[in-house]
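Reader: I would like to go through this model with you, one question at a time. Could we begin with the aromatic side chains and then turn to the pocket?

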Amino acid sequence: MTTDLLKRALLFIVFALAQAVVLGRIHLFGCATPLLYVYFVTSFERNYPKWGILLWSFLLGLVIDTFSNTPGLTSASLTLLAVIQPYYFELFVPRDSVDNLKPALATLGPTKYSYYVSTLVLFYCLVFYSLELFNFFNWLEWLLCVVGSTVITLVLIFTFEIARKG
């Protein structure tokens with residue numbers, strides 16, 4: 001349990017620093033921003049306590065909000081993602097699988113993992129940019145931000161997952 005907590009804390013620090021120092025400053029074509037920290041929320045194992053997922057996600061969102069000057073935006077979006085993640089992950093695992101199954105490319109397989117991560121990242125980007133723009137008068141900009149950020153985030157997540165596997 002202690003090693004899991006230390007690994008989770010190290011990942012927390014790595015994702016927060018990566019977003020604050022490097023990734024938060026990238027805006028491809030003025031709309032696509034990599035949001036790699038979403039991977040932190042999607043990687044909680046099956047039997048992880050729901051309150052723990054909510055707490056970790058809220059704290060990560062709060063740290064990123066502090067560095068990004070987006071008060072409450074990331075923490076609200078990540079907390080909402082943390083609410084649905086355990087229930088959504090249950091849709092992809094068989095009932096008789098181990099209790100501490102971790103969502104990964106190696107454990108779920110490429111098809112299930114791709115669908116699992118893509119849906120969660122798209123959901124996060126929809127919520128995040130809907131709260132950020134807070135209107136639909138400029139719906140084309142909203143759509144470009146959602147699609148662009150989803151694609152670049154998925155590319156980074158799959159790259160990170162493949163590097164972890166190898």
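Author: F128 has a relative accessibility of 7% and therefore counts as buried, where buried means under 20% relative accessible area, exposed over 50% and partly exposed in between, with a 1.4 Å probe and protein chains only. This is a predicted model, in which local features need pLDDT of at least 70 and side-chain atom pairs count only at pLDDT 80 or more, while totals for chains, interfaces and linings use all residues. Residues are numbered from 1 along each chain as its sequence is written, and side-chain values use heavy atoms, with hydrogens and water left out.

Reader: What kind of aromatic pair do Y124 and F128 form?

Author: Rings of Phe, Tyr and Trp (its six-membered ring) pair if their centres lie within 6.5 Å, and planes under 30 degrees apart count as stacked, over 60 as edge-to-face and the rest as tilted. Y124 and F128 are four residues apart in helix α6, so about one helical turn separates them. With 5.6 Å from centre to centre and 25° between the planes, the pair is stacked.

Reader: Why is the pair of F15 and F160 described as tilted?

Author: The pair links distant parts of the chain, with F15 in helix α1 and F160 in helix α7, 145 residues apart; helices (H or I, at least four residues) and strands (E, at least two) are DSSP runs, numbered from the N terminus. F15 is buried at a relative accessible area of 3%, whereas F160 is partly exposed at 28%. The ring centres are 5.7 Å apart, and the pair is tilted because the planes stand at 55°.

Reader: Which element gives the largest share of the lining of the largest pocket?

Author: A pocket is an open set of points on a 1 Å grid over the protein atoms alone, where a 1.4 Å probe fits, with protein on both sides within 12 Å along at least five of seven lines, and lining residues have an atom within 4 Å of a point. The largest pocket holds about 310 Å³ of space, and among its 21 lining residues the closest to its centre are G24, H27, T33, S68 and F128. Two or more residues come from each of α1, α3, α6 and α7. The largest share, four residues, comes from α6.

Reader: Which residue's backbone oxygen does the side chain of S75 reach?

Author: S75 lies in helix α4, residues 73-90, and counts as buried because its relative accessibility is 5%. At 3.3 Å, the side chain of S75 reaches the backbone oxygen of G72.

Note on methods: Grid points are joined across faces, edges and corners, and a volume is the space filled by probe spheres set on the points. A polar contact is a pair of N or O atoms within 3.5 Å; within protein, one must be able to donate a hydrogen and the other to accept it, and residues adjacent in sequence count only if both atoms are side-chain atoms.
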